[in-house]
Amino acid sequence: MKKPHLQSLFMGSLLSAGLVMSGTPFAAEYIPSLEKTRLFTEITHDCRDVVLKDWKPATRDVLAKYGVDVTAAKLCNNGDYPVFYVSLKYDPQGQTADFYQPFYEAMKKANKDRPYSMISDLDELIINVTYGQMGETRTDFERFQPCTL
């Protein structure tokens with residue numbers, strides 16, 4: 001003899017489990033707003049805007065040489081950590097080592113081996129650039145939510 005209430009309870013449990021399981025892979029990953037990224041909460045402090053037309057560090061020449069358009073910049077950490085707001089030609093996470101490796105090396109020399117960050121608002125991507133003990137370039141990528149007005 002069938003017990004409909006048990007069958008319905010069992011089917012309801014399966015349906016609930018299926019919804020929970022199927023919802024998990026599709027759950028939206030938390031992506032912070034720009035001001036809540038690691039760049040502005042952990043890496044940098046005391047940032048101030050730079051007037052681009054008056055600011056002429058060696059890194060600006062490198063950025064121009066590689067066709068990286070700088071739309072804004074900040075100096076953080078007592079002026080030792082530049083943050084460039086840029087428009088990039090190529091996806092920095094793609095297969096573009098022939099562009100980015102020489103670019104990173106030129107930036108390393110121009111910025112005197114100090115770390116820096118680039119914020120690509122077209123990609124909603126932050127690229128934090130540091131150097132290892134052997135001088136190798138290390139990049140750390142972080143997504144951010146675009147500002148909505």
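Is strand S3 (residues 81-87) largely enclosed by the rest of the structure or left open, and how many of its residues are buried?

Modeller: This is a predicted model, in which local features need pLDDT of at least 70 and side-chain atom pairs count only at pLDDT 80 or more, whereas totals for chains, interfaces and linings use all residues. Residues are numbered from 1 along each chain as its sequence is written, and side-chain values use heavy atoms, with hydrogens and water left out.

Six of the seven residues of S3 are buried, so the strand is largely enclosed by the rest of the structure. Buried here means under 20% relative accessible area, exposed means over 50%, and partly exposed lies in between, with a 1.4 Å probe and protein chains only. Strands (E, at least two residues) and helices (H or I, at least four) are DSSP runs, numbered from the N terminus.

The neighbours of S3 in the sheet come next. Two strands count as paired if DSSP finds at least two bridges between them. Strand S2 (residues 69-76) runs antiparallel to S3 and is joined to it by seven bridges; within this pairing, Ala73 stands opposite Phe84 of S3. The two strands form a hairpin with four residues between them, and Asn77 in the turn has a positive phi of about 50°. With strand S4 (residues 116-120), S3 pairs in the parallel sense over four bridges, and Val83 stands opposite Ser117 of S4. S3, helix H4 (residues 97-110) and S4 make a right-handed β-α-β unit; right-handed means that, with the strands pointing away from the viewer, the path from the first strand over the helix to the second runs clockwise.

These pairings belong to an open sheet of six strands in the order S1-S2-S3-S4-S5-S6, with mixed pairing. Strand S1 (48-49) and strand S6 (137-143) stand at its edges, each with a single partner strand, so one side of each is left without a neighbour in the sheet. S1 pairs with S2 in the antiparallel sense over two bridges, and there Asp49 stands opposite Lys74 of S2.

The side chains of Lys74 and Asp49 also form a salt bridge, with the closest N and O atoms 2.5 Å apart; the term requires a side-chain nitrogen of Lys or Arg within 4 Å of a carboxyl oxygen of Asp or Glu. Lys74 is buried, at 18% relative accessible area, whereas Asp49 is exposed, at 57%. The structure holds four salt bridges. Another of them joins Arg38 to Asp140, whose closest N and O atoms are 2.3 Å apart. Arg38 lies in helix H2 (residues 38-43) and Asp140 in strand S6, so this pair ties together parts that are 102 residues apart in sequence. Arg38 is partly exposed at 32% relative accessibility, and Asp140 is partly exposed at 29%. Arg38, Glu42 and Asp140 are linked in a network of salt bridges.

The buried residues of helix H3 (residues 58-65) are Thr59, Val62 and Leu63. Seen down the helix axis, they fall within an arc of 100°, so they line one face of H3; the arc is that of the directions from the helix axis to the C-beta atoms. These buried residues pack against S2, S3 and H4, contact being heavy atoms within 4.5 Å. The face of H3 turned away from its buried side carries the exposed residues Asp61, Ala64 and Lys65. H3 is followed by Gly67, whose phi is positive, near 70°.

Aromatic residues provide a further link to H4. Tyr66 and Phe103 form an edge-to-face pair, 5.4 Å centre to centre with 70° between the planes. Tyr66 lies in the loop between H3 and S2 and Phe103 in H4, so the pair ties together parts that are 37 residues apart in sequence. Rings of Phe, Tyr and Trp (its six-membered ring) pair if their centres lie within 6.5 Å; planes under 30 degrees apart count as stacked, over 60 as edge-to-face and the rest as tilted. Tyr66 is buried at 16% relative accessibility, and Phe103 is buried at 0%. Ring pairs link Tyr66, Tyr90, Phe99, Tyr100, Phe103 and Tyr104 into a cluster, and the structure holds 10 aromatic pairs.
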